[in-house]
Structures are given as structure tokens and as C-alpha cells.
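Subject: Structure handover and findings

Dear colleague,

I am passing on the structure we spoke of, together with notes on what a computed pass over the atoms turned up. Please read the notes with the model open beside them.

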Amino acid sequence: MKLARPPRQAGGQSRHQRFATPAPTLERWRVWVVVGFLLSLFAVLLGRGLYLQAWNEGFLQEQGDARYMRNLKQASNRGMITDRNGEPLAISTPVQSIWASPRGMTLLPAGQERPTDWEPKSDKDPVPVSRSEIKKLAGALQLSEDEITKKLSISRKNTKGDIIRPDFLWLRRHMSPNDAKTVMALNVPGVYTQTEYRRYYPAGDVMAHIVGFTDIDGKGQEGFELTREAMLAGKPGSRTVIRDRRGYIVEDVSTIVPAKDGETLQLSIDRKIQYLVYRELKKGIEAAGAIAGAAVVLDAKTGEVLALANLPSYNPNSRERVDLARKRNRVLTDIYEPGSTMKPFIVAAGLEQGLIKPTTIIQTSPGRMTIGPATFKDTRDYGALNPEGVLKHSSNVGAAKIGLMMGREELWGYFNNYGFGASTHSGFPGEAFGRVRPWKTWRPIEQATMSFGHGLSVSLMQMARGYTVFTNHGEMKPITFTKMVAPSPGKQVVSAQTADLVKNMLESVTQAGGTAARAQIVGFRVGGKTGTARKIVNGQYSREKYEVSFIGFAPVSNPRLIVAVLIDEPSTVGNRYYGGTVSAPVFQEIMSGSLRMLGVPPDAPITNILLPGLDAPELKEET
């Protein structure tokens, strides 16, 4: 029997439709979330791109430049130093220096060679260098293989702990162009050459204490190389280049900025006189069995330094370590007690104050003088002396009596006006001021001993400058190491009348009976003063060590030169260690040779000298 299907209601659903799973639907808000997220990412990427391209373009440029570009320094040519006649004293010669970039290199294990078709995988990939290349490089640089390997393997850690290797490292400085060419012919990747300049000093140790020297980087270390660094150094240039993926430089990418060379410095030094001074000083030191010496020659009218020598000296062309004692510029940086070379200044002060006249008689008998517990003396009893006799016989008693005629403050004022205890403003590094104690602390014995050059300290340059008072009618000239077109005005210390009187008195010191007869020069009138002073050792006056000097000028009629000579610790054997015995002969050789070189006309007949014989007794100075 067949059952009938119930009728479908209008608008109703079939059974299949009533029991079917409804189709899933996508919520609208989810769509917008996804779309918004994607748009945000796009905006971030777009913003980052705009930031890098528009606002931070320099960062990308720097990153690119760091991988391909190098800014190479172009060395400037250091200015030349010449003497007053244009003769070179310091010049720079071009040399080649070899450098490497360890960051762009990696050392291969022993026995492994770099493939001929090697190409870097990235910009940061270092170039492999074989051990055989290192061995050839070491040979060409005249260094050991281990030394080169150590240099190329150097590294350090940065603040983040990353290993950093330098991008620039010197392998060998200042090679000759031919040797550098041999190195570069090896074609070792990451090894380059750069032009530098090496300083050369034609006069060597003769001029060392004046010119000084530079270090390997061309910076002044001593002398006028140091004091005129800004003038001589110039300004370096630059050159920007691109290197390829193998580390080789391929082209320049910007305008080369040329280096600005340093200026030429012309000194007042006369090279010929300098050689003469150095030679005669050396001979004098050897003859006296001394340990050291110093000498300076001044133009008596302008104060220009024509020569300055110190022994022992050193070779500025050698970069080997030099004993500091050899670098001492004794003329300017060492101080000493001047001894009797101070006496002319005391006589001049007494004359200027009207306390004495050229005819004043000063009683020096019995040849000694006692002040309180201290006694000082002359070499013998000279009796009654005039001021000229005090200088001629170098009487300590006579000088002390003149000094004690003045008030303490007055005498201190003269010391100050003569430039003692103050800088000479020579422009030289390390110049000593010397020492003159404040006048309020002086006792009578100290005032007396300072009058004959003890109890105060000076430099040899201060003493030489002081003697310009007697060669310029009482005007003390400033010291200069640079050539002058016209003399600079000086300082009037004493009157012209006083200065001329003392100048003529000093001529008697070099004549028969004076303490410096060995300073006489054929055809020239010579004036000057000897000095012999005990050396202070460990705060005590030594009984065996002396510093002896002579300071003089010529010709007396119209002084052209001042020469000051100081000999340190001459031998006391034979009792011939006085200024007139040791320093005066050196002065004589220097002055006579210099006057001939300058063509100074004689002012005396050729029969004007009367030298004591070698066996004649020495005219001593009491110290």
C-alpha cells in the first residue's frame, strides 16, 4: 500500500532545506582589521624609505663610502730653515711610506695560496693573503716575517665586544722611492704607498742645538723646529679615492685638495762662523780636559745671534735614542755663577751713581776682606787700585767695596736692569731665567760676594747680552735668532759716558799684566773679562770643580762682535784652570776668525800684542 506524501505548505521549506548547515559568513570588522594591518605595514615601509632617502641620506652615503672610498692625506712640505745668507740648515726630502689595511685582509694558513679566480662574496669579504706573499713583503720591507704577521693580525674589541681590525696601519716609514717601488711591485692586496717628507740637517751636530729636530711624523721636538712649528709645518692636503672589491685603488672621486707648504725661516746664524765656533770650542774642551763647554757669538750692534754651540752635541739626522745631556742647550738653559765676568757691571753701576770716578783709589790691602765670619781674598795684595785696576787684576776686594757703596735696593735695581734673573726673550724653548734673590733678604756678605759674581746665577746668553751695554753706549740690545733688516731699539741701562769708560777699561784686561793676555788678536784692540767660579755640587762649593769663562768684544774702537765662552770642569792638573788660561784662547780663535770672515778692518797695528810665554806664571783669579 503506498502512503501518500503530505502536501507542501505554501512558503514552507523542504525537509532537506530544514535540516541543511547554514553557509559561513565573514564579519565586516575582521576585513577592516586585516586591511588596516597591511596598510600600516606599507606605511611603515614607505616612511622608512622616505626617511632614508630624504632625511637620512647621509647615513646611506657614509655606509657606501665606508666600503669603497678612502680619504688619503697629502703631506705638506715642511718649510726650510736657512742661515742669514740663505744656506740651508734644515730641508725636507720626499720619501715613501708603506701602509696596509688589516681590516681588508685575511691571512691564509701556511701552504695555502689565494685562488687566481678569487672574487669576494660581499663588500665586507676581506682579501686572502698567502704566507708566501707575507714572506716576500717582509723581505722587501727589511722586517721579519713574524713582525709583519703580528702587525696584520692586530685587533681590538669595541664597546659591544665585537672584534675590530684597523683600516690603516703603517708597515714601514720613510723609505727611499726605489725601495718603495720594489715593495709595490709585489702587488700584495691591501698594501699601499704614501708620499711623506723626511727632515734632513746638512750641518748635523754642529747646528743641532739651534735648529733642533722633528719626530717621524714631522713635528718639531727641539730648537726652532719646535718654537716655529706653526710657521714651518704648513697644512696637509687630501685626496679621496675609490677602491675596487679586491681592495685596489682605481680612481679619484673628488678634486684633490693640494697641501700648503710651510714657510721658510731665515735665522740670524752665520753658518761659516757657526762651524768655526764649534771647531774651536771642541779643541778648547779637549785641550783643557773639560767635560763640556758652550759658546755664543752676538752682533755687538744688533743683538743678532751669529753662532751658538754646545758640546757634547748630537746628530739630529739619527733617530736613535740620544742621551738627554747631549740635547742640553747650555748657552740658554743652563745657569751658573758668573764669577769675575760680573765685575764690569758693578764698576759701571758705581760710576753711574757717582760713587766712584775713573781716578778713584780703592784700597785692597792686605788682599783680603772679612765681613762677619766670612773672609774672601785676592790672589795677592794689589794695594791701591783705580776702577780700571780692579778689572785688570780682577780684584774681589775692590769689586766688593764698590758694591757695598750702594744700597741693597739700588744694586738690585742694576742687576734687574742688566737683565739678570729675567728672560732674554730669545724665543728659544726652555730658556733659563737665572736667579737674583730679593734685595730685602741680602746680608752685607751676600751683597759683597754678588759684586764679584757669587751668590747669584745667570745663563751665558744673559751675560753676553749684558755686554751689549758696553758696545752700544749704555744701551742693552734685545737678543734675536732671526735675521734683522734694521737694529731694534734697546734699553738704556747706563749713560753713554759710563758705558764707554768701562769699555775702554776692559781693554786693559787683555793687555800685559791683565788676566786675559791670551785673548789678544793681531791688528785688533780687544776688551773683555775673565771669570773663574767654583762649581756648586750638592749644595756646596766644590774645591776641585770649576766653571771658567771669558766674555769679550772687538774691535774696541767700534765693537762688531761679542763672544762668550764657558768651559765646564777643566782639569786642575798643573793649576791651569783659570778663565784667562782656558777660555781666553778659545775666545781668541773664534773672534779672530770671525772678524776675518766678516771683513772687519783692523784698528791696531800688527805689532799690538805681547803674549805671555808658555812657561810664564798664570795670572790667577781668586774664586
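The protein contains 21 helices and 23 strands, and please keep in mind throughout that this is a predicted model. Of its 623 residues, 47% are buried, and among the contacts with a separation of 6 or more, 71% are made by residues 24 or more positions apart.

I begin with the aromatic side chains, of which the structure holds 20 pairs. One of them is formed by Trp99 and Tyr192, a tilted pair with 4.5 Å centre to centre and 35 degrees between the planes. Since Trp99 belongs to strand E3 (residues 88–100) and Tyr192 to strand E9 (residues 191–200), the pair ties together parts that are 93 residues apart in sequence. Both partners fall under the 20% cut-off for buried residues, with a relative accessibility of 4% for Trp99 and of 9% for Tyr192. Elsewhere, ring pairs join Phe345, Tyr414, Phe415, Tyr418, Phe420, Trp442, Tyr467 and Phe470 into a cluster. There is also a charge over a ring, with Arg173 lying over the face of Trp170 at 4.2 Å from the ring centre.

The C-alpha atoms of Arg408 and Trp442 are separated by 7.2 Å, although the two residues are 34 apart along the chain. Once the neighbours within four places in sequence are set aside, Arg408 is in contact with Trp439, Lys440, Trp442 and Gln447. Arg408 has a relative accessibility of 32%, and therefore counts as partly exposed.

Thr214 is buried, with a relative accessible area of 4%.

The peptide bond from Leu311 to Pro312 is cis, with omega near 5 degrees, and Pro312 is in the loop between strand E14 (305–311) and helix H11 (324–327). A cis bond also runs from Ala554 to Pro555, with omega near -15 degrees, where Pro555 lies in the loop between strand E22 (540–554) and strand E23 (561–568).

As for phi, Ser394 has a positive value near 55 degrees, and this residue is in the loop between helix H14 (387–392) and helix H15 (396–404). His425 likewise has a positive phi, near 55 degrees, and is placed in the loop between H16 and helix H17 (444–451). Ser394 is buried, at 3% relative accessibility, whereas His425 is exposed, with a relative accessible area of 66%.

Key. Residues numbered from 1 in each chain as written. Predicted model: local features only at pLDDT ≥ 70, side-chain atom pairs only at ≥ 80, totals over all residues. Heavy atoms only, no water. Phe/Tyr/Trp six-rings, centres within 6.5 Å; stacked < 30°, edge-to-face > 60°. Helix = DSSP H or I, 4+ residues; strand = E, 2+ residues; numbered from the N terminus. Buried < 20%, exposed > 50% of the residue type's maximum accessible area, 1.4 Å probe, protein only. Lys NZ or Arg CZ within 6 Å of the ring centre and 35° of its normal. Contact = heavy atoms within 4.5 Å.
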